[in-house]
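Colleague: I would like to learn how to read aromatic contacts in a model. Please take me through them.

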Amino acid sequence: MSTSFQPEHARSEPGPGTVIGERRRLINVAYRLLGSLAEAEDAVQETYARWYALSRPQQEAIASPGAWLTTVAGRICLDVLGSARVRRERYVGEWIPEPLPDRTEWLGGRVSGGRSEPADPADQVTLDESVNMAFLVVLESMTPAERVAFVLHDVFRYPFAEIAEIVGRTPAACRQLASSARRRIGAARAPAVPTAGHAGLVRQFKEAWEAKDIEALVDLLDPDAAMIADGGGLVGTVLRPVEGSARIAEYLIHIAGKAPGMTLLERTVNGRPGLVAQHAGVTVTVAAFSLADGRIRRIWAVRNPEKLRPWTAYGQS
């Protein structure tokens with residue numbers, strides 16, 4: 001698994017403007033490391049602040065600004081991951097990575113009044129397998145050092161010698177960290193489902209939910225399915241996973257009864273077909289799905305409004 005972003009040693013010598021040009025790559029790295037666009041933006045902003053705090057001679061002495069920026073961003077993300085583990089222990093309910101829309105569905109990717117609106121940082125995140133929700137959830141189970149080593153090596157193809165400078169361990173230790181992370185990914189990986197099949201099942205789920213057809217919902221869910229919701233204590237939602245197809249179906253019907261004006265939209269969520277729930281034109285939930293054996297195995301429902309910034313530009317189209 002890799003993206004189109006190449007490690008610094010494979011890139012040409014930086015020219016004028018290259019330092020700013022590294023922002024897109026840094027946002028991509030930081031989002032995968034942190035699972036939060038807001039935290040990724042902060043990490044990249046801090047990275048640039050440290051660069052511009054250097055004197056001109058100090059900047060000119062750095063042979064590869066891109067490698068320097070990546071090393072600094074990686075260390076900042078490593079620190080954030082360490083503190084995030086403590087913060088998330090105090091988080092109200094379940095914590096789910098921040099969902100992202102497809103770039104064509106983001107405010108910055110849409111056209112208004114004949115001209116493109118300003119792009120947002122999420123418009124710069126490449127949506128591939130390494131940002132689908134199931135993948136990000138597994139990354140959350142890793143230690144900070146495992147996550148950094150795995151993402152930088154397996155996703156962005158950085159050599160272990162460079163990763164060692166970020167995590168403060170030997171290249172051999174970083175290789176072991178990535179190997180351990182790879183085993184976690186392998187143990188949790190479900191068989192790949194073609195996008196068309198995934199979209200079809202999500203559409204059936206949407207239609208059954210809208211019709212309040214509990215039997216149809218149960219049939220679409222794996223018997224051992226689980227639904228995890230993230231409200232962050234800011235909106236009402238279940239604080240623990242809802243497990244089992246029958247219990248999930250009953251809960252969804254209950255939700256539909258409490259929100260009669262709810263509208264469900266089929267949207268791309270982290271590169272895969274998902275659903276967006278709106279009430280009175282406001283996005284209130286973004287749901288991502290994981291499938292196995294032709295049924296829905298996992299539903300991640302993000303309701304925390306602080307994680308729905310990328311989705312507030314939606315219209316009911």
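Predicted model: local features only at pLDDT ≥ 70, side-chain atom pairs only at ≥ 80, totals over all residues.

Modeller: Residues are numbered from 1 along each chain as its sequence is written, and side-chain values use heavy atoms, with hydrogens and water left out.

Colleague: How many aromatic pairs does the structure hold?

Modeller: Rings of Phe, Tyr and Trp (its six-membered ring) pair if their centres lie within 6.5 Å; planes under 30 degrees apart are stacked, over 60 edge-to-face, and the rest tilted. The structure holds five such pairs. One of them, tyrosine 48 with tyrosine 52, is stacked, at 6.3 Å centre to centre and 25° between the planes.

Colleague: Where do tyrosine 48 and tyrosine 52 lie?

Modeller: Helices (H or I, at least four residues) and strands (E, at least two) are DSSP runs, numbered from the N terminus. Both tyrosines lie in helix H3 (residues 37-52), four residues apart, about one turn of the helix.

Colleague: Is tyrosine 48 buried or exposed?

Modeller: Buried means under 20% relative accessible area, exposed over 50%, and partly exposed in between (1.4 Å probe, protein chains only). Tyrosine 48 has 9% relative accessibility, so it counts as buried. Tyrosine 52, at 49%, is partly exposed.

Colleague: Why is the pair of phenylalanine 205 and phenylalanine 289 edge-to-face?

Modeller: Because their planes are at 70°, with the ring centres 5.2 Å apart. The pair links distant parts of the chain, 84 residues apart: phenylalanine 205 in helix H10 (residues 195-210) and phenylalanine 289 in strand E7 (residues 282-292). Both are buried. Together with Trp209, Phe205 and Phe289 form one aromatic cluster.
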